[in-house]
Amino acid sequence: MTRRGLLAGAAALGGAAAGLTTQGVAATPAVAASPPHDSPPPLGPVKVDPDDPRYRSLTRRGCNARFVGKPDYVRVVGSTEQVVSAVQQAVREGKRIAVRSGGHCFENFVDNPSVRVLIDTSSMSAVSYDAQRRAFAVEPGALLGEVYRKLFLGWGVTIPAGATAEVGVGGHVLGGGYGALSRRYGLSVDHLYAVEVVVVDKSGKARSVVATRDPSDPHHDLWWAHTGGGGGNFGIVTRYWFRDPEAPKGTDPAQLLPRPPESVTIFSASWSWKDLDQRSFTQLVRNHGRWYERNSGPGSPYAGMFSVLMLNTRKYGELNLTGLLDSTGPEAQRLIDDYVAAVGRGVGVRPTRGHEVTPWLEAAARVQESEPAPFKCKAAYLRKRFTDRQIQVGYEQLAGKAGGELEGSLWLVSYGGKVNSVPSDATAVAQRDSILKAVYMTGWKAQTDPEPRLAWIRDFYRAMCADSGGVPVPGAVSDGSFINYPDTDLADPALNTSGTPWHTLYYKDNYARLQRIKARWDPRDEFRHALSIRPPK
């Protein structure tokens with residue numbers, strides 16, 4: 001089952017999402033990456049106008065069917081040079097640009113009516129080893145499932161990234177990139193060695209720049225901005241390079257990224273809503289949060305555990321706990337049994353259990369998406385478990401009258417572990433002290449009135465964050481929000497009454513540095529959207 005299946009009306013496990021892919025320019029000479037010598041000629045460039053039969057397919061690729069753009073044309077590109085040319089033409093024409101890789105932006109940053117040129121990088125999907133840089137090169141249109149498959153079959157390695165196979169690398173990495181192996185190995189950006197970006201300078205000239213994590217690199221700040229700064233801010237990413245910063249000095253590619261497990265143990269537990277009352281619901285959610293408070297350190301025996309507690313509305317009929325452990329055998333089964341028992345202790349209801357052992361590559365490609373559907377998503381990082389007041393709000397919203405009529409969920413997704421071993425300013429991901437991600441979702445069919453569902457999820461979120469002005473202000477139970485699940489409500493003074501700016505919720509103290517990088521690399525503000533980095537005043 002899938003994330004979007006849930007959003008459209010079915011409960012299931014979904015993965016880390018993504019957004020769009022865009023970022024900025026410098027005064028120093030640009031250094032472009034060279035494609036492999038034996039690579040075939042790239043697809044494109046292709047210009048698709050509204051009267052072209054391909055236009056509808058290209059403009060409706062976004063996962064959130066709530067938004068459909070109408071650009072003047074779509075430029076399908078297959079190489080960095082083609083991206084440079086496409087950006088240059090759009091700048092020359094004075095047209096606003098957006099970029100699509102996998103198509104998983106949750107808001108209308110790509111499909112905004114003001115966007116006149118859509119650059120589609122989906123055909124840029126190569127995954128290769130770059131011996132010169134001792135790093136693995138991945139193009140932005142590559143889908144996570146293919147990245148996992150090629151890295152694993154070719155070299156026996158992987159990157160810690162999202163659980164949904166059809167998410168594109170392009171925007172996913174820009175927001176940080178997390179998934180089933182992140183508690184063990186950290187975020188995707190913790191393994192990012194370099195990035196190639198098409199940027200536009202003050203004179204309007206487009207070009208490509210390679211920026212690395214080497215502190216002596218004159219473009220180092222551009223690399224840093226792409227380690228969690230989010231899409232749509234500085235330029236257009238055309239290639240990522242990955243290498244573990246702790247990798248040995250040798251040239252063996254198989255030693256340069258984490259090695260995934262041979263097999264994993266997938267497990268599930270479900271509690272029927274008809275067997276739960278407010279006391280048992282409270283106990284279940286409290287148990288789950290306390291367990292993560294105790295077991296989210298980098299050295300925890302549960303560092304290899306990834307799980308999602310799906311607190312679904314009563315209309316779904318049940319609450320679901322699902323996840324995987326990156327090991328197998330009796331000890332793995334004991335860890336899972338102890339975890340499920342701890343979550344269910346004192347609830348008074350035995351869950352329906354399930355488990356299976358499956359090869360890692362099969363598990364990595366298992367979560368697939370359904371057809372696009374309209375939805376709304378809101379998120380928050382959690383530094384500790386929900387308070388009892390918040391759990392009471394959760395019960396009222398999920399089990400009350402609206403919860404019996406509407407499709408919606410609050411997911412508590414595992415976080416922490418190795419992620420929290422990195423300083424908050426080492427990358428643009430400032431949230432390095434969290435144990436869970438809270439993800440609020442609702443979806444509906446295209447012909448359904450969205451207003452009751454939008455009102456429900458906004459009321460739910462605001463009530464959960466009532467102690468901090470209706471939003472997850474850093475320093476409270478929460479630790480801000482996740483830029484790859486963008487939520488324009490956070491920039492609305494009517495919905496964010498905390499006095500805390502939206503950019504603090506996403507970037508905390510890292511925002512000022514991102515602003516300076518924005519001023520240097522995108523001085524004309526060519527790459528922008530409702531939650532983009534604002535140039536400093």
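Modeller: F136 sits in strand β6 (residues 135-138); helices (H or I, at least four residues) and strands (E, at least two) are DSSP runs, numbered from the N terminus. This is a predicted model: local features need pLDDT of at least 70, side-chain atom pairs count only at pLDDT 80 or more, and totals for chains, interfaces and linings use all residues. Residues are numbered from 1 along each chain as its sequence is written, and side-chain values use heavy atoms, with hydrogens and water left out.

Colleague: Is F136 buried or exposed, and at what relative accessible area?

Modeller: Buried means under 20% relative accessible area, exposed over 50%, partly exposed in between (1.4 Å probe, protein chains only). F136 touches residues including W155, Y240, W241 and F242, leaving out those up to four places away in sequence; contact means heavy atoms within 4.5 Å. F136 is buried, and its relative accessible area is 0%.

Colleague: Where does N108 lie, and what does N108 contact beyond four places in sequence?

Modeller: N108 lies in the loop between β3 (97-100) and β4 (117-120). At a relative accessible area of 18%, N108 is buried. Its contacts, neighbours within four places set aside, are F67 and P113.

Colleague: How do α8 and α9 cross: what is the angle, and which class does it fall in?

Modeller: The axes of α8 (residues 278-294) and α9 (residues 330-344) come within 7 Å and cross at roughly 135°. Axes are lines fitted to C-alpha atoms, for helices over the stretch in contact, and angles run from 0 to 180 degrees between N-to-C directions. Angles under 35 degrees count as roughly parallel, over 145 as roughly antiparallel, 65 to 115 as roughly perpendicular and the rest as oblique. The two helices, α8 and α9, are therefore oblique.

Colleague: Which residues of α9 make that contact?

Modeller: From α8 come Q283, L284, N287, H288, W291 and Y292. On the α9 side the residues are Y339, A342, V343 and G344.

Colleague: What does Y339 touch outside its sequence neighbourhood?

Modeller: Residues up to four places away are not counted. H288, W291 and Y292 are among the partners.

Colleague: Which elements do the buried residues of α11 pack against?

Modeller: Helix α11 (residues 388-399) has 12 residues. Its buried residues include I391, V393, Y395 and L398. They pack against α8, β11 (305-312), α12 (401-405) and α13 (451-464).

Colleague: Where is K508, and what is its phi?

Modeller: K508 is in the loop between α14 (502-507) and α15 (511-521). K508 counts as partly exposed, at 24% relative accessibility. Although K508 is not a glycine, its phi is positive, at about 50°.

Colleague: How far apart in space are K274 and R314?

Modeller: K274 lies in the loop between β10 (263-272) and α8. K274 counts as exposed, at 71% relative accessibility. K274 and R314 are 40 residues apart in sequence, and their C-alpha to C-alpha distance is 8.6 Å.

Key
The expected span of a helix is 1.5 Å times one less than its number of residues.
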